[in-house]
Amino acid sequence: TLFPYTTLFRSAGSKGTKLSYSSIDVNQLPPAALQLGSALNQLVANPFYGFIPGAGPLSQPQVQRGQLLRPYPQFQNVYAMNLDAADSIYHSFQLRAQKQFSQGLTFMVSYSNAKLINDSDNIGSGWGQATSAQNLYDRRADRSLSALDISQRLMINYVYMLPFGRGKHFGSSWSPWLDRAIGGWQFNGVTVFSKGFPLALTAANTSGAYNLEERPNVNGQNPNLPGGRSTTAKLARWFDTSVFSQPVPYTFGNGPRLLPNVRSDGSKNFDMSLFKAFPIREQMRIEFRAELFNAFNTPRFSNPNLVVGNNNFGISSGQANAPRQAQLALKLMF
């Protein structure tokens, strides 16, 4: 006998305003000043000489011309932290189906196809890449996929009361002692297939704008390489590195904050467990648990090198997830 499915289809979305903005340097040089080129590096008389103590650049008789053209020339970097200035928009298709069978099997499947767009990510490690503004005066250029965007995610949960033991399909006539040893086992699992996070490339900062980050130029070609490559080939060249180049000095790169079509390695993870409860007396039992995390030892590779011009640019050389882990436990419940 099959019980009815419980199924949910829905479209979900949200709009965020005045979200926490990542740190920005409000003392960035105005873009118009970049037309001076190498003249920004020329040493000129320092009007703050004798007024600013210490051993920094502003305490010297001469200072670079670019420093005096900054909004606050008497300071070097001036950071604005955690401003409520970021925006986001999220939309998704979501599916969830749950089914309970009469023979001790229950499973639930959930799937989402989504997109998260914003202009800043203020996040911790392990949740995509934290990025900085390239050009304080062009916030629109920071709008891209979020570092937290996961375009597709499939999760399957399942619980199966194994058909061994008294009252089950196999072993219905077992003795109480045999039933206690072999019957009543429960198998559980969680399987996750997920796309990776978008990647953020950087380049050597030669803009001369006193900004926090420089992005590469993109020639307009698709950096994705053909599928079906071996793991060795993929690790050696995660994407087509020829698509990206170092911007010329005193300019900003035209690349996006996060790439729309190149992602970190996705997740293909299987966690499994086997449970068994051993009754001792009324209202007291011991539960034995055998658990496997990343049961099939499937690696999730670390991000490739993302700095244009680096000798290892585009090469992935590590593993981001933990290898298979086994855990045995006993729990006394009373």
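Nine salt bridges turn up in a search of the whole structure; a salt bridge here is a side-chain nitrogen of Lys or Arg within 4 Å of a carboxyl oxygen of Asp or Glu. The model is predicted: local features need pLDDT of at least 70, side-chain atom pairs count only at pLDDT 80 or more, and totals for chains, interfaces and linings use all residues. Residues are numbered from 1 along each chain as its sequence is written, and side-chain values use heavy atoms, leaving out hydrogens and water.

**Salt bridges**
- Aspartate 119 pairs with arginine 139 at 2.9 Å, N to O.
- Both residues lie in the loop between β7 (105–118) and β8 (144–145), so the pair ties together parts 20 residues apart in sequence.
- Aspartate 142 meets arginine 215 at 2.7 Å, N to O.
- That pair links the loop between β7 and β8 to the loop between β10 (185–194) and β11 (217–218), 73 residues apart.
- Arginine 289 bridges to glutamate 287, with the closest N and O atoms 2.7 Å apart.
- Shared partners join Asp142, Glu213 and Arg215 into one network.

**Burial** (buried: under 20% relative accessible area; exposed: over 50%; partly exposed: in between; 1.4 Å probe, protein chains only)
- Aspartate 142 is buried at 1%, and arginine 215 is buried at 0%.
- Aspartate 119 is buried at 10%, whereas arginine 139 is partly exposed at 29%.
- Of the 334 residues of the protein chain, 34% count as buried.

**Overall fold**
- The protein chain has three helices and 15 strands, taken as DSSP runs (H or I, at least four residues; E, at least two) numbered from the N terminus.
- The C-alpha trace spans about 100 × 45 × 40 Å along its principal axes.
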